[in-house]
Amino acid sequence: MPRSHASPLAPALFAVGVLLIAMASYQCGAAIAKSLFKVVGAEGATAFRLVLGALILLVLRRPWRSRRTAGNPLVLWGYGLSIGLMNLVFYMALQRIPLGIAVAVEFTGPLALALFHSRRWLDVVWIGLVVAGLLLLLPPGNAPTRLDPIGVGYALAAGVGWAFYIVLGQKAGAAYGTDAVAWGTSVAALVTFPIGLAHAGHALFLPGLLLPALGIAILSSALPYTLEMMAMTRLPTRTFGTLLSLEPAFAALAGMIFLKEHLSWLQWFAIAAIIVASAGTVLSARQTIVEPVLP
């Protein structure tokens, strides 16, 4: 029957489309956030995203109604702390380096975690590609394409935070289910709001910033989380992880379209190398850890 061949394909294609939209949404939200840095700084933009994102998730999820409250609160607080600090240092990286490059460097965190769980000889190839990509992104001397080393450091710190987010997120999710996202984002909001307020002051409460702030929260948190959950229930883990490795490319395109950040061909090649390494790691790893895009 023709339908028996078409029906399994339709959900998979739907899931792939949904995941691509989620990645585009996340990076558009990051581009909007970067456009607000001149007014509220990276700290204020982080507070916008996490506070409003937490409120949206709390209203939608209402996690206090759940009976799953027997988990270790220290794990939940650690999960939320990793979300908050990871987002803060990532936005601080965006103040100094292009969006696409920041995401590519940040991606080394979950990539290193995936490599840690794999013991195949191909791992040497993927590690070599990552190293080559990072060297191309960080040319020596005073080359025109040289990046701000502090910005790169922030992006690497965000990658470390992403790895902690995955490890702690798995434990929090096992204890609290999907409500862990709402609780974790709320913890992150509590951590980052005082930092954003201290940096931006009354600018955080300017009425003219409410609409773009809501845009950041929806595009970078509420919408991609919902779409990614839909994709994860329809796609194999390896397929999901492979598609997720396209994130740096989406970030570079968003930076080019919305922020006029034009990368050199060498930087595009470096991003491509990191994407290939990420996809290869997922495909070759015996046990692959895959999580949704950072909250």
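## A helical chain, from core to surface

Let's start with helix α4, whose buried residues are Leu99, Gly100, Ile101, Ala102, Val103, Ala104, Val105 and Glu106. Buried means under 20% relative accessible area, exposed means over 50%, and partly exposed lies in between (1.4 Å probe, protein chains only). This is a predicted model, in which local features need pLDDT of at least 70, side-chain atom pairs count only at pLDDT 80 or more, and totals for chains, interfaces and linings use all residues. Residues are numbered from 1 along each chain as its sequence is written, and side-chain values use heavy atoms, with hydrogens and water left out.

**The overall picture**

- The protein chain has 12 helices and 0 strands; both are DSSP runs numbered from the N terminus, with helices (H or I) of at least four residues and strands (E) of at least two.
- Of the 295 residues in the protein chain, 53% are buried.
- Contact means heavy atoms within 4.5 Å. Of the contacts between residues at least 6 apart in sequence, 88% join residues at least 24 apart.
- The protein chain has an accessible surface of about 13600 Å², and carbon and sulfur atoms account for 72% of that surface; such areas come from the Shrake-Rupley method with a 1.4 Å probe, and for residues only the protein chains shown count as cover.

**Nonpolar cores**

- In soluble globular proteins, nonpolar side chains tend to be buried together.
- A nonpolar core is a set of buried Ala, Val, Leu, Ile, Met, Phe, Trp, Tyr and Cys residues joined through side-chain atoms within 4.5 Å.
- The largest nonpolar core here holds 46 residues, and Val40 and Tyr91 have the most contacts inside it.
- Helices that each supply at least two residues of this core include α1 (2–35), α2 (37–61), α3 (73–94) and α4.
- Another core, of 18 residues, lies apart from that one and has Ala163, Ala172, Tyr176 and Ala180 among its members.
- Tyrosine 91 is in contact with Ala33, Phe37, Ala42, Ala45, Thr46, Arg49, Ile216 and Ser220, leaving aside its neighbours within four places in sequence.

**Salt bridges**

- Side chains of opposite charge can pair when their charged atoms come close.
- There are 3 salt bridges in the structure, each a side-chain nitrogen of Lys or Arg within 4 Å of a carboxyl oxygen of Asp or Glu.
- Lysine 34 and glutamate 261 form a salt bridge at 2.4 Å, N to O. Lysine 34 is in helix α1 and glutamate 261 in the loop between α11 and α12, so this pair ties together parts 227 residues apart in sequence.
- Both lysine 34 and glutamate 261 are buried. Not counting residues up to four places away in sequence, lysine 34 also touches others, including Leu94, Ile97, Pro98, Leu99 and Leu259.
- In the salt bridge of aspartate 179 with arginine 61, the closest N and O atoms are 3.3 Å apart. Aspartate 179 sits in helix α8 (residues 179–200) and arginine 61 in helix α2, so the pair joins parts that are 118 residues apart in sequence.
- Aspartate 179 is buried, with a relative accessible area of 8%, whereas arginine 61 is partly exposed at 40% relative accessibility.
- Arginine 96 and aspartate 148 also form a salt bridge, at 3.0 Å from N to O.

**Aromatic pairs**

- The whole structure contains 4 aromatic pairs. Rings of Phe, Tyr and Trp (its six-membered ring) pair if their centres lie within 6.5 Å; planes under 30 degrees apart count as stacked, over 60 as edge-to-face and the rest as tilted.
- Tyrosine 79 and tyrosine 165 are stacked, at 5.5 Å centre to centre with 20° between the planes. This pair links helix α3, which holds tyrosine 79, to helix α7, which holds tyrosine 165, across 86 residues.
- Tyrosine 79 is buried, with a relative accessible area of 4%.
- Phenylalanine 107 and tryptophan 162 have ring centres 5.2 Å apart and planes at 90°, so their pair is edge-to-face.
- Phenylalanine 107 and tryptophan 162 are both buried.
- Phe37, Phe90 and Tyr91 are linked into a cluster by ring pairs.

**At the surface**

- Leu210, Leu214, Ile218 and Leu223 form a nonpolar patch on the surface, with about 300 Å² of accessible area together.
- Patches are made of residues with over 30% relative accessible area and no salt bridge, with like charges joined within 9 Å and nonpolar side chains (Val, Leu, Ile, Met, Phe, Trp, Tyr) within 5 Å.
- Leucine 214 lies in helix α9 and counts as partly exposed, at 31% relative accessibility.
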